[in-house]
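Q: Hi, could you walk me through this one? I'd like to talk about strands, helices and rings.

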Amino acid sequence: MQNANIQNSKPVVLWSDTRVPAQRWSLEPGDDGTYAFANLYTNYYLGVTRQSAGAEICQRVYSMYLSRWKLEQCDGGNRLLLAGNEDMCLAASSNDEGAALTLVDKNVADPALSVFTITEDDITIPTAFDAGVRDAMLDGFLRQYYHDAPVGHVLGGGGWWGDAEMFETILDAFATTGDLRYKELFNELYLNFISRNGSDWSDNEYNDDITWMTLACLRAYKYFGTSAYLNIARDNFTRVYNRAHQPFGTLIWKQSQDNKLGTNSCINCPATIAACYLGQLTGDKSWYTKALTIYAGQRKLLFNANTGEVWDSRAWNSDGSMASDFNSWVSTYNQGTMLGAAVALYDYTKDDMFISDARKIYERSRDHLTNSDKIISVCQTINGDLCGFKGILMRYVRAYAESQHLEEPMLWLEKNAWHAYQNGNSNGVIWSAWLTKTAEDLKRIEGNDLKDVNNDAFGSSTAVSVAFNAHVNRMFSKNAAEGLEAMYFDDIQFTQLDDQHADGDTPNTTPTFLTNGYICFRNVDFGSEGLNRAIARTSAAGGRSYIKLYVDSISDSGLLGRSTGFLGKPWQEVSIDTDRSLTGVHDVFVQFVGPGVQFHNIRFTGDESGVLNISAPGAASMRLNGCELVIESTEDAILSIFNVAGALETYTNVVAGTTSVTVQTGIHICRLSGSNSVTTIKAIVN
């Protein structure tokens, strides 16, 4: 269908084969020798608007008269005759990309435009967004844009803030997979950037440019532990903060701006996140003080706390009041970075104001920067600054979802990634205008300009960003008693996944030789019975190594305990008695101390009733009656059902009262979330 549009009655057109579901049709034979063609992406049927010549071929709901076809064999293939009027056949207007399809009289139809070959695919077409689709999206991007350079490698033609954002996309890939491949890719790009721009970036008057690259380097340090990344980020951001700081907490966007009291979201919000990273990674809490000050000014001047709108720019008056005239433009990148700033400050302060801001920013972005199908619809251009904006929003939506244990934003990311994939070209490149098919020659006319992005990578990086931030390899809902495997991590620091496996099983983590490396599992359900012992499968290459466990945060209050003695080299199960009995849903941090620690999995034990029935007390209950899940609740709630691997199967609203939901055969984790309680049971249906 045209541009992979998922609306009823939208046109179907010709296009080069890009091997995506939007271009595949399943034949459904009828008893009368006719066929219906169901699209694998939209589930609509190949049909027409009417039965006469000139009728447009479109996707539509099933109709006995308008979406059933007969196949008439002829030289070179088959004609598709409309079952309701067999004098009419399907024909293309030309053999060009995007050519329209219509009904024509079969007696005058041009065979070159009306005879089709129907074949069964000999390749596997994905039926849903998964890790294979995600990796294919990055591979297509790298094939097109990742090039050798005199020093390191470059993406497209190279740049500054666009480079920094594309580097962060590579870090997104690492952050959600732990794959060491992306460590090497980042370092190659970093070396090339330094060869072009040096290590002192003061000559760049754009403070936001420097801050974007600061963020990339700080994240690279967090993941890889390379001190050069931290040092260059801290030095350059310190210079930016010192030269850009305004009397009222916010920062100057660029040094040459005429009004020194003017400020922009594009510097304040990234700077807040950068300061939080510095506070986290260096232990210097004064950076958090700076972050709080910047955010307070940004929130007062450039944020609508009622609607979640992040405005673009505004000036202070000399007395600290706000200028009445301001730029109220709302963009994906400003929404994204203020969302990230709010989440980072909430994680540090646990002040509900920040997470309230984050929720409103996310919902405003999801509901007002998208089309009716909730696909990002703004910035439908293929080059320039605008084309890269939405990739930034994707990154911080993931941070928000993981911080707050929310599945819906992750599903929203996945939906956007899956749609972007449908509109790639045959080389696997997906330009930033996700709502339109990517041209085979990567050229497009916008207004009076012919735009060519054969060597302009920035816009195409946005599809890669949403693909990896959807984090499809993760388990969203995790049962502490059933165990947490390294490959299903949600956050890591100074840690990567190793290709070597423990006893032929799933990948392990291999931390770098820094004492505060960790792996984090979010949304771990400990149930209501209380689990007070952890059993971790570990190995260590060096002596004097051990692991420490934390819950919700790496802090004195979050410390649960540490392994007794030191770890040995053979793989072994190490018991850790926690200093408290855990119930409910928490984040779990496994921290590695000492050289050469490897980690495979961890599980928690306690009263065995905590394994099969992990229902929290509250205003709701669930029980299994055969294959029916019976829910009794005194409030409206959300029911989420996960399979044993943690993948979401059902997500639905449940009204107060008694409700029955059919559960398929197998093992499921059923979770009911209301405003006053969270109830979870393990349902086994034979």
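A: Happy to! One definition to begin with: two strands pair if DSSP finds at least two bridges between them. Keep in mind that this is a predicted model.

Q: Good to know. How many bridges join strand E1 to strand E2, and which way do the two run?
A: Five bridges join E1 (residues 25–29) to E2 (residues 35–39), and the two strands run antiparallel.

Q: Which residue stands opposite Ala 38 in E2?
A: That's Ser 26.

Q: And which residue takes a positive phi in the hairpin of E1 and E2?
A: Gly 33 does, with a phi near 85°. The hairpin has five residues between its strands.

Q: Changing topic: in what order do the three strands of the open sheet come?
A: The order is E29-E30-E33, with antiparallel pairing. Strand E29 (620–625) and strand E33 (657–662) are the edge strands, each pairing on one side only.

Q: By how much are neighbouring strands of this sheet turned against each other?
A: By 20° on average, direction ignored.

Q: Over how many bridges do E30 and E33 pair?
A: Over six bridges, in the antiparallel sense, with E30 covering residues 628–633. Glu 632 stands opposite Thr 658 in E33.

Q: On to helices. At what angle do H6 and H7 pack, and how far apart are their axes?
A: The angle is about 130° and the axes are 11 Å apart. H6 spans residues 227–244, while H7 spans residues 265–282.

Q: Why are H6 and H7 called oblique to each other?
A: Angles over 145 degrees count as roughly antiparallel and 65 to 115 as roughly perpendicular. The angle here is about 130°, so H6 and H7 are oblique to each other.

Q: Is that crossing left-handed or right-handed?
A: The crossing of H6 and H7 is left-handed.

Q: Which residues make the contact?
A: H6 brings Leu 230, Arg 234 and Phe 237, and H7 brings Ala 271, Ala 274, Ala 275, Leu 278 and Thr 282. By class, the contact has six nonpolar, one polar and one charged residues.

Q: Last topic, rings! How many aromatic pairs does the structure hold?
A: It holds 38 aromatic pairs. One of them is Phe 167 with Phe 186.

Q: Why is the pair of Phe 167 and Phe 186 edge-to-face?
A: Planes over 60 degrees apart count as edge-to-face. The planes of Phe 167 and Phe 186 are at 80°, so the pair falls in that class, with ring centres 6.1 Å apart.

Q: Where do the two sit in the chain?
A: Phe 167 is in helix H3 (residues 161–177) and Phe 186 in helix H4 (residues 181–197), 19 residues apart.

Conventions: Residues are numbered from 1 along each chain as its sequence is written. This is a predicted model: local features need pLDDT of at least 70, side-chain atom pairs count only at pLDDT 80 or more; totals for chains, interfaces and linings use all residues. Side-chain values use heavy atoms; hydrogens and water are left out. Axes are lines fitted to C-alpha atoms, for helices over the stretch in contact, and angles run from 0 to 180 degrees between N-to-C directions. Helices (H or I, at least four residues) and strands (E, at least two) are DSSP runs, numbered from the N terminus. Angles under 35 degrees count as roughly parallel, over 145 as roughly antiparallel, 65 to 115 as roughly perpendicular and the rest as oblique. A crossing is left-handed if the near helix is turned anticlockwise from the far one by less than a right angle, and right-handed if clockwise. Contact means heavy atoms within 4.5 Å. Ala, Val, Leu, Ile, Met, Phe, Trp, Tyr, Cys and Pro count as nonpolar, Asp, Glu, Lys and Arg as charged, and the others, Gly among them, as polar. Rings of Phe, Tyr and Trp (its six-membered ring) pair if their centres lie within 6.5 Å; planes under 30 degrees apart count as stacked, over 60 as edge-to-face and the rest as tilted.
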